[in-house]
Amino acid sequence: MAATQDSPILAFDAVSVRFDDQTALDGVSFTIRRGESLVLLGEAGCGKTVLLKTALGLIRPDAGRVFLFGEDVTAASEQQWYGLRARIGVLFQEGGLFDSLSIEENVSYPLLNQPSLRCPGGEMAERVERSLEFVELGHTLEKYPSELSGGMRRRVGIARAIVTEPELLLYDSPTAGLDPITATTIMALIIKGRDVRRATTVIVTHRYQDGEMLTRYRHDPGLGRLTPASANGAGPKTHYLVLRAGRVVFDGSQAALEASADPYVANFVRRSG
Amino acid sequence: MLDLIKGPILTFQEFVLLAGRAVRGVFRKPAYWTDVFTQMDLIGIGSLPVVILTGFFSGAIMSLQMSRALQTYGATSQVGQIVAITLVREMGPVLTALMVAGRNSSGIASELGSMKVTEQIDAMRALGTDPVMKLVKPRLIATATMLPLLTIIADFVGIFGGWVVACPLLGLTSDAQYWNNSWRSLEYNDIGQGLLKPFVFALVISLVGCHYGMRTTGGTQGVGRATTQAVVVASVWIVVLTFLIGRIFVSM
């Protein structure tokens with residue numbers, strides 16, 4: 001079943017994940033529609049990465065249902081997941097770049113290994129170059145991940161995530177461990193990716209500022225930089241999900257988040273802001 | 001009591017499942033031949049110096065130790081026979097496998113463990129590759145091909161090492177008698193178990209390394225733990241399996 005403009009790209013229905021006797025996700029439900037952005041906030045170890053990996057089919061839920069591109073994928077086989085993952089771009093928390101491969105090989109990896117994305121050599125080289133230019137790292141083709149700084153590796157990760165021009169982009173803690181200037185650069189690239197490609201974006205973070213930037217700024221293709229989003233709410237819709245010990249404690253807009261009376265949520269916003 | 005054995009049984013179950021998927025994968029596409037040849041170079045050519053040294057000195061030591069015992073019975077001419085049979089049946093396969101286990105089970109476990117903790121294995125799955133086909137299968141094929149070849153080399157170098165001690169050094173027997181006895185003492189049964197053992201050990205070395213690498217958790221500390229576990233478990237299995245295979249061949 002093809003997803004229509006308004007149908008959810010990704011939806012969780014009471015999803016629970018357990019590891020031995022530990023509960024990582026406990027009855028998590030949310031919906032994200034095409035073109036929307038979701039900011040997933042929460043303290044370390046609250047289940048943010050587990051949620052993202054469940055959405056990617058890397059972890060199977062113990063209970064509940066997962067819907068992706070309008071289909072119930074809870075019981076999808078690994079082979080079916082390979083097809084679905086071709087439509088998703090992902091940036092892992094640890095980068096997930098292959099140490100033994102050059103930057104060019106890393107970025108071209110999904111184009112070479114996803115049967116549905118294979119393209120002629122010339123076109124592939126062009127797409128890889130374009131993707132690396134997008135993150136302003138066009139000069140690093142021959143280098144290896146170990147030769148790059150942490151921020152540059154994260155940018156290569158973004159280039160690899162967008163090279164397939166996916167419908168859904170998942171970013172796991174893209175700014176974790178980076179200095180504020182590099183973190184802002186990374187967020188600007190994520191916003192650019194969202195606005196230029198109109199991709200549905202899920203970003204996992206423990207920094208409130210990342211979500212704030214995603215809500216308040218948009219990429220102006222004319223100026224080639226970020227500009228404040230219009231006050232009338234035009235542009236991509238962003239909503240927030242706050243996790244605590246595997247449970248959703250908040251699901252709503254930024255205004256509702258800032259007005260929340262929940263001490264955990266309020267403290268989170270105050271501490272990060 | 002049940003809780004105590006639950007862990008090891010679960011680990012063994014995971015190992016058997018991984019082994020099953022890897023062995024099934026050998027007959028399926030994609031083949032990843034480049035990875036297979038890279039691993040053959042790493043495991044086979046890379047282990048050659050240590051295997052040659054171990055083989056040479058195990059043969060030399062055996063000649064040296066046997067010299068006194070054989071002199072007691074006036075049977076020093078039989079030294080070639082003893083060195084050849086012991087090396088081809090037992091010492092060659094076991095020592096080569098232990099060396100390769102120490103070198104490659106640990107190498108595989110640490111490489112795959114590092115990939116696991118830096119999310120490279122997750123990335124592989126997310127980008128359309130089955131890690132069992134891409135990582136486990138090439139290592140399995142490479143080890144299963146190279147270990148029997150390394151064992152043959154170790155056997156030959158070991159018999160040569162035995163000759164160096166027996167003939168030029170101690171003068172226990174003549175050159176012709178040493179080589180003649182070595183060659184004529186070997187039967188098909190000896191060659192059979194001498195080649196079956198390294199093949200079985202290769203499965204153990206590669207799959208144990210991959211198994212511990214791919215279930216690594218707990219950051220860099222976890223990688224160290226996985227590496228140690230892989231070497232210990234592979235070495236113990238080699239010793240246990242050589243007894244079992246030996247038992248089967250002895251009764252044949």
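In this predicted model, 89% of the contacts in chain B between residues at least 6 apart in sequence join residues at least 24 apart. Chain B holds 8 helices and 0 strands, so that, read from the N terminus, its elements follow the order α-α-α-α-α-α-α-α. The C-alpha trace of chain B spans about 70 × 45 × 35 Å along its principal axes, and buried residues account for 46% of its 252 residues.

| Helix | Residues | Number of residues | Span, first to last C-alpha | Expected span |
|---|---|---|---|---|
| Helix 8, chain B | 219-250 | 32 residues | 46 Å | 46 Å |
| Helix 5, chain A | 150-162 | 13 residues | 19 Å | 18 Å |

In each case the span is close to the value expected at 1.5 Å a residue, both for helix 8 of chain B and for helix 5 of chain A. The buried residues of helix 8 of chain B include B:Val223, B:Ala226, B:Ala230, B:Val231, B:Ala234, B:Trp237 and B:Ile238, and also B:Thr227, B:Gln229 and B:Thr242. Among the elements that cover these buried residues are helix 3 and helix 7 (188-214) of chain B.

In helix 5 of chain A, the residues from A:Arg154 through A:Val156, A:Gly157, A:Ile158 and A:Ala159 to A:Ile162 are buried, and A:Arg155 and A:Arg160 are among them. Their cover includes strand 6, strand 7 (168-172), helix 3, helix 4 (121-134) and helix 6 (180-197) of chain A.

**The sheet of six strands in chain A**

Chain A contains an open sheet of 6 strands in the order 6-7-8-3-11-12, with mixed pairing. Its edges are formed by strand 6 (88-91) and strand 12 (247-252) of chain A, each of which pairs on one side only, and the twist from one strand to the next averages 15°. Within this sheet, strand 3 (residues 37-42) and strand 8 (residues 200-205) of chain A are joined in the parallel sense over 5 bridges, with A:Val202 of strand 8 as the bridge partner of A:Leu38.

Which residues does A:Leu40 contact, once its neighbours within four places in sequence are left aside? They are A:Lys48, A:Leu51, A:Val202, A:Ile203, A:Val204, A:Leu241 and A:Leu243. A:Leu40 returns in the largest nonpolar core, which has 129 residues and in which A:Leu40, A:Leu170 and B:Ala234 touch the most other members. Helix 3 (residues 79-117) of chain B gives the most to this core, with 17 residues. As general background, nonpolar side chains in soluble globular proteins tend to be buried together.

**The sheet of four strands in chain A**

A further open sheet in chain A has 4 strands in the order 2-1-4-5, and the pairing is antiparallel. Here the edge strands are strand 2 (22-33) and strand 5 of chain A, each pairing on one side only. Helix 1 (residues 48-55) of chain A packs on this sheet, touching strand 1, strand 2 and strand 4 of chain A, and its direction makes about 60° with that of strand 2 of chain A.

Strand 1 (residues 8-19) and strand 4 (residues 63-68) of chain A run antiparallel and are joined by 5 bridges; in this pair A:Leu10 stands opposite A:Leu68, and A:Ala11 stands opposite A:Phe67. On strand 5 (residues 71-72) of chain A, which pairs with strand 4 in the antiparallel sense over 2 bridges, A:Asp72 stands opposite A:Phe67. The hairpin of strand 4 and strand 5 of chain A has 2 residues between the strands, and A:Phe69 takes a positive phi near 50° there.

**Where the chains meet**

How many residues of each chain take part in the contact between chain A and chain B? The contact involves 16 residues of chain A and 10 residues of chain B. On the chain A side, helix 2 (78-85) and helix 3 (103-113) each supply at least two residues, and helix 3 of chain A gives the most, with 3 residues. By class, this side of chain A has 9 nonpolar, 4 polar and 3 charged residues.

Key: Residues are numbered from 1 along each chain as its sequence is written. Chains are lettered from A and ligands numbered from 1 in the order in which they are written. This is a predicted model: local features need pLDDT of at least 70, side-chain atom pairs count only at pLDDT 80 or more; totals for chains, interfaces and linings use all residues. Two strands pair if DSSP finds at least two bridges between them. Axes are lines fitted to C-alpha atoms, for helices over the stretch in contact, and angles run from 0 to 180 degrees between N-to-C directions. Two residues are in contact if their C-beta atoms, placed from the backbone, lie within 7 Å. Ala, Val, Leu, Ile, Met, Phe, Trp, Tyr, Cys and Pro count as nonpolar, Asp, Glu, Lys and Arg as charged, and the others, Gly among them, as polar. The expected span of a helix is 1.5 Å times one less than its number of residues. A residue is buried if 20 or more other C-beta atoms lie within 10 Å of its own, exposed if 12 or fewer, and partly exposed in between; C-beta atoms are placed from the backbone. A nonpolar core is a set of buried Ala, Val, Leu, Ile, Met, Phe, Trp, Tyr and Cys residues joined through C-beta atoms within 7 Å.
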